[in-house]
Amino acid sequence: MTNDNHSSGRGVLDDELIEELREDMEDEFGEVIESFLDEVPGWLAKLTQALADSNAEQLFQTAHSLKSSSGYMGAPVMQQLAAQLERMGRGGSVEGCEPFLAELMEEYKAVEPRLRELAAS
């Protein structure tokens with residue numbers, strides 16, 4: 001795993017996992033990353049709405065999708081934050097989720113340009 005000059009600890013990607021994905025996906029590697037990047041804003045919006053609506057089930061389902069995809073894309077911090085939201089939603093409450101969602105959004109802002117760069121390479 002590398003931190004690539006991200007002194008804040010944000011934007012961490014698992015380089016080994018990304019290389020495995022590149023090898024597995026070959027010519028479709030960039031498309032897979034772009035697809036993930038296209039999905040994330042919608043998932044973040046659904047998480048925001050779930051908190052606003054106090055909808056723990058929506059929080060759980062959306063966080064689960066984001067957790068799985070983030071892990072697949074080699075974004076472990078996003079995966080961990082989504083897993084925390086998933087656990088909280090599974091527990092039937094959205095109380096206390098705001099800081100995790102805010103941190104997840106900040107992490108995505110840091111990861112996104114790195115993934116876009118990888119998709120273009």
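Contact here means heavy atoms within 4.5 Å. The model is predicted. This report starts with helix α4, then turns to the helix pairs and to some single residues.

**Helix α4**

Helix α4 covers residues 76-90, 15 residues in all. From first C-alpha to last, α4 reaches 20 Å. That is close to the 21 Å expected at 1.5 Å a residue.

Which residues of α4 are buried? They are P76, V77, M78, L81, A82, A83, L85, E86, M88 and G89. An α-helix has 3.6 residues a turn, so residues three or four places apart point the same way.

Just after α4 comes G92, with a positive phi of about 90°.

**Helix pairs**

| Pair | Angle | Axis separation |
|---|---|---|
| α2 and α5 | about 165° | 10 Å |
| α3 and α4 | about 155° | 7 Å |
| α2 and α3 | about 155° | 9 Å |

Take α2 and α5 to begin with. They pack at an angle of about 165°, which makes α2 roughly antiparallel to α5. The cut-off for that label is an angle over 145 degrees. α2 passes α5 in a left-handed crossing. On the α2 side, the contact is made by F29, G30, I33, E34, F36, L37, V40, P41, L44, L47, T48 and L51. The α5 side supplies E98, L101, L104, M105, Y108, E112, L115, R116, L118 and A119. By class, this contact of α2 with α5 has 16 nonpolar, two polar and four charged residues.

Next is α3 with α4. Their packing angle is about 155°, and the two helices are therefore roughly antiparallel to each other. Their crossing is left-handed. From α3, the residues that meet α4 are A56, L59, F60, A63, H64, L66, K67, S70 and G71. Their partners in α4 are M78, Q79, A82, A83, L85, E86, M88, G89 and R90. The residues of this contact of α3 with α4 divide into ten nonpolar, five polar and three charged.

The remaining pair is α2 with α3. The angle is about 155° and the axes are 9 Å apart. That makes α2 roughly antiparallel to α3. α2 passes α3 in a left-handed crossing. V32, F36, V40, W43, L44, K46, L47, A50 and L51 stand on the α2 side. They meet Q58, L59, T62, A63, S65, L66, S69, S70 and Y72 of α3. This contact of α2 with α3 divides into twelve nonpolar, five polar and one charged residue.

**Loops with positive phi**

Where does E26 sit? Its place is in the loop between α1 and α2. Phi of E26 is near 45°, a positive value in a residue other than glycine. At 61% relative accessibility, E26 counts as exposed.

S54 is found in the loop between α2 and α3. S54 is not a glycine, yet has a positive phi of about 55°. Its relative accessible area is 55%, and S54 is exposed.

Is L13 buried or exposed? L13 is buried, with a relative accessible area of 0%. This residue lies in the segment before α1 (15-25). L13 and V77 are 64 residues apart along the chain, and their C-alpha atoms are separated by 8.2 Å.

G11 is buried, at 0% relative accessible area. Its C-alpha lies 21 Å from that of C97, 86 residues apart along the chain.

P113 belongs to helix α5. P113 is partly exposed, with a relative accessible area of 45%. P113 and L37 are 76 residues apart in sequence and 9.8 Å apart in space, C-alpha to C-alpha.

Key. Residues numbered from 1 in each chain as written. Predicted model: local features only at pLDDT ≥ 70, side-chain atom pairs only at ≥ 80, totals over all residues. Heavy atoms only, no water. Helix = DSSP H or I, 4+ residues; strand = E, 2+ residues; numbered from the N terminus. Expected span 1.5 Å × (residues − 1). Buried < 20%, exposed > 50% of the residue type's maximum accessible area, 1.4 Å probe, protein only. Axes fitted to C-alpha atoms, helices over the stretch in contact; angles between N-to-C directions. Parallel < 35°, antiparallel > 145°, perpendicular 65-115°, else oblique. Left-handed = near helix turned anticlockwise from the far one by under 90°. Nonpolar A, V, L, I, M, F, W, Y, C, P; charged D, E, K, R; others polar.
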